[in-house]
Protein chains: 2
Amino acid sequence: MRNLLFLLSFLPLGLLAQEVTSPNGQVKVTFELDGTRPAYHMTYKGQEVTRRSHLGLELKKDKHASKGMEETDLMDGFRVTSTERASFDETWQPVWGEWKNIRNHYNELLVNLRQDAQNRNIAIRFRVYDDGMGLRYEFPQQADLNYFLISEEKTEFAMTADHTAYWIPGDYDTQEYEHVISRMSQIREKFDAAWTENSSQTQFSKTGVQTALQLKTDGGLYINIHEAACVDYPTMHLDLNDQTWVFTSHLTPDASGVKGYIQTPFSTPWRTIIVSDDARDILASSLTLNLNEPCVLDDTSWIHPTKYCGVWWEMIAGGKPWAYTDELPSVDIEKTDYTKVKPNGTHPANTANVKRYIDFAAKNGLQEVLVEGWNIGWEDWFGHYKDNVFDFVTPYPDFDVDELNRYAHEKGVKLMMHHETSGAIPNYDRRMDEAYAFMNRYGYDAVKSGYVGDVLPRGEYHYSQTSNQHYLRAIKKAADHHIMVNAHEASRPTGLCRTYPNWVGNESARGTEYEAFGGSAPYHTVILPFTRLIGGPMDYTPGILETQLSTWCDNDSWVHTTLVGQLALYVTMYSPLQMAADLPEHYERYNDAFQFIRDVAADWDDSRYLEAEPAQYVTVARKAKTTDNWFVGGKCDQQGHTTKLTLDFLDQGRKYECTLYQDAKDAHYEHNPKAYVISKKVVKQGDKFTIKQAPGGGFALSLIAK
Amino acid sequence: MRNLLFLLSFLPLGLLAQEVTSPNGQVKVTFELDGTRPAYHMTYKGQEVTRRSHLGLELKKDKHASKGMEETDLMDGFRVTSTERASFDETWQPVWGEWKNIRNHYNELLVNLRQDAQNRNIAIRFRVYDDGMGLRYEFPQQADLNYFLISEEKTEFAMTADHTAYWIPGDYDTQEYEHVISRMSQIREKFDAAWTENSSQTQFSKTGVQTALQLKTDGGLYINIHEAACVDYPTMHLDLNDQTWVFTSHLTPDASGVKGYIQTPFSTPWRTIIVSDDARDILASSLTLNLNEPCVLDDTSWIHPTKYCGVWWEMIAGGKPWAYTDELPSVDIEKTDYTKVKPNGTHPANTANVKRYIDFAAKNGLQEVLVEGWNIGWEDWFGHYKDNVFDFVTPYPDFDVDELNRYAHEKGVKLMMHHETSGAIPNYDRRMDEAYAFMNRYGYDAVKSGYVGDVLPRGEYHYSQTSNQHYLRAIKKAADHHIMVNAHEASRPTGLCRTYPNWVGNESARGTEYEAFGGSAPYHTVILPFTRLIGGPMDYTPGILETQLSTWCDNDSWVHTTLVGQLALYVTMYSPLQMAADLPEHYERYNDAFQFIRDVAADWDDSRYLEAEPAQYVTVARKAKTTDNWFVGGKCDQQGHTTKLTLDFLDQGRKYECTLYQDAKDAHYEHNPKAYVISKKVVKQGDKFTIKQAPGGGFALSLIAK
């Protein structure tokens, strides 16, 4: 279905407020000039979502801007020269995703603005959907608006009251924080406690928070603020004025404090608000994807959702080393001769161990095997602003790259590449071509990249404009090489996987690794779908069935879910990349539960959010791609939750072989995490279940069409 | 000849001063501890060159340094643990140069120092030559000295009095200044006037000056301070304490103010002092080259000294555009479609015009033709911190890269590539491989690179550690592709062309282009050999025979030498790259004078500095490589100069066809610059000439063995 209808209306000068409503009329956005300053406000079913919120940008006074840009801002002095309206309704098919078809249906208002004194024209474009809106700034190319530098974007989101916020601290470098649930007014007092240590972090305000920010009003309205299509621009944070309840955009600067270097024509990312009185709508929204450009890749046949395992958890949780030797205080990858050093003997990325994982993957239908620590440089990789830290092409002596790829391919499995950059972005930029060519040569088609530690160039941040340009450059280059990318420690996603579907994953939040670093709160995975996942899929690496790490290693951390809770994540945390992150021997130990991971799909034709409340529970049913099979996952917080499930999404008259994985009656994420019950029966449309999820637990259900 | 003699002497604790003298005994350097602080002083023939001068480094207190580095400096708290002495005498052959053989003859003192409190060992190495000395810091790899950050190097050069200095202002970004000749005490008062505008410049101190710094004592001692082998380190400036006459090293910082990120083992560049009571010895010194590592390239057969012409002066002086069109306010090289724009019609890098230059080069024995403005992006290349500014591989529609290379090669000529980066170092780093491969494909073997404007990454400087790493990376990559590099606007050289002889040139000073921007002082080219050229050759681009630009274009600048003065520069300003920079039609107009440029060599078996005084005159005789022909050049300042020349360097009993190009009697760089006399005769060893050089003039003499 494709239906484009443009209603253009060029209006005369001296405009009053301009209103634009969503296709069904329930969302309304109004643009107006406050004096000479642009502003908007927004309602949902007649309720105020934002009060009058100003729009504008402060410019840096700098010689690198074009003449005329040096002394003035893009904040006020505007008049409306014209407005244009349009409607759009199109259904498109993602290369991978939660739905086979996604409808992009909005009404649009474009407001053309002019600063007469500076002879400059800009525009603000609003797209209003039934579940929210996006707005962005547009800067046409013109003689007096050619190059400019942004010192700050001042986009306001003026809240109506002291809502409940599900927030993490604003940071230029990491999102790996535990969420805090508090009133907006409590952000300041809770900020320092929320600021837990990370390998790279930069604070900018005690009322600074990250997006996607989930809010809930006392009246039961769910408001979600984020951005879409962040291209050639720094990542946006929000800074709260806790006297007025106004969040204002706060961009990530570069080394010299500048936030953006703009060459016109240019459009900023979309600033988005998703809104509903039903929390399920927030999760089911495609607004972020819809505000991104369509896929630009001609051929996407090489992109495939993937289940994988990896040589990883035994290092993260088990303390085994990425490094090959313990002998070297520091290395120079150009000079260090690894054939002359003593191996530590415990380095897991060795040929024999990797073959064990390949065998495991082949036996269990996992398509790929990630291997970390395969390449030289790990003795000395972190924390020193080391530029020439990895070359991405030289294996350790104990990793036979040729033989392992041959062995894997023979078994129908691929190795997944690992490119840790240690934040040395320039080094990766220089070596990317060669690194991807190396992957092509050996038959790798996916890479997990990493940006641990402070980024280079020195003074830049993970979320600076320059860094964001790099992440996308890597995606584009990888696409040229038919390589899928899963970027860890990069900026949180903003839906760019629609445009570049080889961008199959990001980390950009506190992942499963934190279960080995003291644990994450049980509610963590039932907030993430409302926050981190709004921008795109997360490589959360679930599936830790041996939740008590001390049973097999010296780590006294334990996973803050039940075993069944881990299974549920394969459905509740949507991602086209799903890792079976635990050790092969643990999956053998819990082989009956592991069956769900074997069975579950990683790509979907349909998704139905059955129940949801931020930080409490999420239950979703998904129909596996090109099949009639459904998988249902439910995950809850530390309180436990009872799900009343009706199988109304099944085909009428059809029978399904149902396997239910549920927490045992006395299961508890802390005291009794591995108590589970698996039951099978044949079901049909309309059948009902009442499923009790243990504290920190969940459930998983597979429905195989007969 | 190779003669290595190591005299090792491990001395006990509690040392007194350690002295090391040059092979002939005339230079003496003494190391001592001033309390617990390292220091040295130096004499020449018993005269003090430097008073007690302290050595040390201040460290940045930063989490990126190794543990233990955070709170302490490498300034004091030292004791001497041992010293080692050695002598070295070797004669080596440069791939190209002023001499066929260069003798590297020194005595060495290595002082091993220990900070007991910090459990750290460093060393200071002195190499003492008959014409000066070098010292450097060495940091062995060790548990407690692994990574550290330098906040400042504090190497002192304590002068004995208020010497005359030939200086340019200290700047992190450019050396394109006119020299000032003043007492050291006058630097502060003359600084602001010396600080002329440049496209990128950063001041750090009103008593800051650049190296090589030439000094002259009232007693007639010439002292030259510079550095050798600047690798993985920022460029050094000098900051004068004008109360004490102490110059202290001042390194170029990065965006965050850090000056160097060091991983041990590491050695700093050499800090050098060349000294003599005869100014000719400063010019004849090979100390800078000798302190660099030997050539690391296995095959150097593809490296060749080159005379070239180029599509350049008609833009620089004549105002013709690098850009293809005047239509675009800004361009995006990925998107702009140049086939759809209107050409400006005056763009000189077009196929027909370049063929004219190729014909000219072929006819006159010039090996290469530089073409600037051949590639897309010039409409919009400068001043906006634009990263993606050039791609280095896409010609403008009017430049037929295939046909032009074919045409050139057919005539025995090569095109010389031009890579202007606009300071966007990361962009060049990313594209270098492809750019050099493009050159290989079409048969280019040399590139002029440029770094005009503020460098990226933002906040870095042209002379930062990161930038210096880039310049050398480019050289190494180019060597892999058998490409010679001539880097403009890069850091001033420090003799690295010995190690990487494909580094055939640098600009790094005020070149001939300034003759089109208002002119340079007549004494400029008789100071440069004492300053800029100490580190390596400069692509000065001489040969502007039509010194009065207004005769052919709208530029009212004029060259501040006589016509003959321009000829002299091919001999006095040593470089393996020599441009005939003027327009072909001007060389036709002065075809008899142009004969010298046709004849003169660009590579030498021998060089004899016959007379020299900084800022007054330089006369040198050179024997052309693998021939018995000699060329003599004399250049003087605005006062004029009379040279009494004895041809005692010629072979005994042999006759030479001599052509003398001299200023006419009434010649004057301002009033009558193009008045010259050419005379021929046959000469032999011992013949004498008295040659009057006009104000701003010079002479040139070719001696072709019969």
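A residue counts as buried when its relative accessible area is under 20%. In this predicted model, Thr252(B) has a relative accessible area of 0% and is therefore buried. Thr252(B) sits in the loop that runs between β19 (246-251) and β20 (260-263) of chain B. Two backbone oxygens accompany its side chain: that of Thr235(B) lies 3.0 Å from a polar atom of the Thr252(B) side chain, and that of Tyr463(B) is reached at 3.5 Å. Setting aside residues up to four places away in sequence, the residues touched by Thr252(B) are Tyr172(B), Pro234(B), Thr235(B), His237(B), Lys259(B), Tyr461(B), Tyr463(B) and Ser464(B).

Tyr514(A) belongs to the loop between β28 (503-506) and α9 (524-527) of chain A, and with a relative accessible area of 10% it is buried. Beyond its neighbours within four places in sequence, Tyr514(A) is in contact with Glu176(A), Asn198(A), Gly519(A) and Ser520(A). With Glu176(A) the link is a polar one, the two side chains being joined by a polar contact of 2.6 Å. His560(A) stands 46 residues away from Tyr514(A) along the chain, and the C-alpha atoms of the two are separated by 9.9 Å.

Burial can also take in a whole element, as helix α10 of chain B shows. Here 10 of the 10 residues, 563-572, are buried, so the helix is largely enclosed by the rest of the structure. Among the buried residues of α10(B) are Leu563(B), Val564(B), Leu567(B), Leu569(B) and Val571(B), and also Gln566(B) and Thr572(B).

Attention now turns to how the two chains meet. The contact draws 32 residues from chain A and 32 residues from chain B, and the area buried between them is about 2900 Å², with carbon and sulfur atoms giving 47% of it. Three residues, His64(A), Arg430(A) and Arg458(A), supply 25% of the area that chain A buries against chain B, more than any other three residues. Between the chains, 20 residue pairs are in polar contact. On the side of chain A that touches chain B, β20 (260-263), α7 (425-442) and α8 (465-480) each supply at least two residues, and α8(A) gives the most, with three. By class, this side of chain A is made up of eight nonpolar, 13 polar and 11 charged residues. Two salt bridges are found across the interface. In one salt bridge, the side chains of Arg458(A) and Asp254(B) meet at 3.8 Å, N to O.

Over all chains, the whole structure holds 96 salt bridges. One of them joins Glu156(A) to Arg37(A), with the closest N and O atoms 3.9 Å apart. This pair links distant parts of the chain, 119 residues apart: Glu156(A) is in strand β12 (residues 156-158) and Arg37(A) in strand β4 (residues 37-44) of chain A. Glu156(A) is buried at 14% relative accessibility, whereas Arg37(A), at 25%, is partly exposed.

A further salt bridge in chain A is formed by Asp605(A) and Lys625(A), whose closest N and O atoms are 3.5 Å apart. Asp605(A) lies in strand β30 (residues 604-613) and Lys625(A) in the loop between β31 (617-624) and β32 (630-636) of chain A, so the pair ties together parts 20 residues apart in sequence. Asp605(A) is buried, with a relative accessible area of 17%, and Lys625(A) is partly exposed, with 22%.

In chain B, helices are joined as well. Glu403(B) and Lys355(B) form a salt bridge, their closest N and O atoms being 2.8 Å apart. Glu403(B) is in helix α6 (residues 401-410) and Lys355(B) in helix α5 (residues 351-364) of chain B, 48 residues apart. Lys355(B) is partly exposed, at 21% relative accessibility. Back in chain A, salt bridges that share partners join Glu108(A), Arg125(A), Arg127(A), Arg136(A) and Glu138(A) into one network.

Definitions and conventions. Residues are numbered from 1 along each chain as its sequence is written. Chains are lettered from A and ligands numbered from 1 in the order in which they are written. This is a predicted model: local features need pLDDT of at least 70, side-chain atom pairs count only at pLDDT 80 or more; totals for chains, interfaces and linings use all residues. Side-chain values use heavy atoms; hydrogens and water are left out. Contact means heavy atoms within 4.5 Å. Buried area is the accessible area (1.4 Å probe) that two parts lose on being put together, summed over both. A salt bridge is a side-chain nitrogen of Lys or Arg within 4 Å of a carboxyl oxygen of Asp or Glu. A polar contact is a pair of N or O atoms within 3.5 Å; within protein, one must be able to donate a hydrogen and the other to accept it, and residues adjacent in sequence count only if both atoms are side-chain atoms. Helices (H or I, at least four residues) and strands (E, at least two) are DSSP runs, numbered from the N terminus. Ala, Val, Leu, Ile, Met, Phe, Trp, Tyr, Cys and Pro count as nonpolar, Asp, Glu, Lys and Arg as charged, and the others, Gly among them, as polar. Buried means under 20% relative accessible area, exposed over 50%, partly exposed in between (1.4 Å probe, protein chains only).
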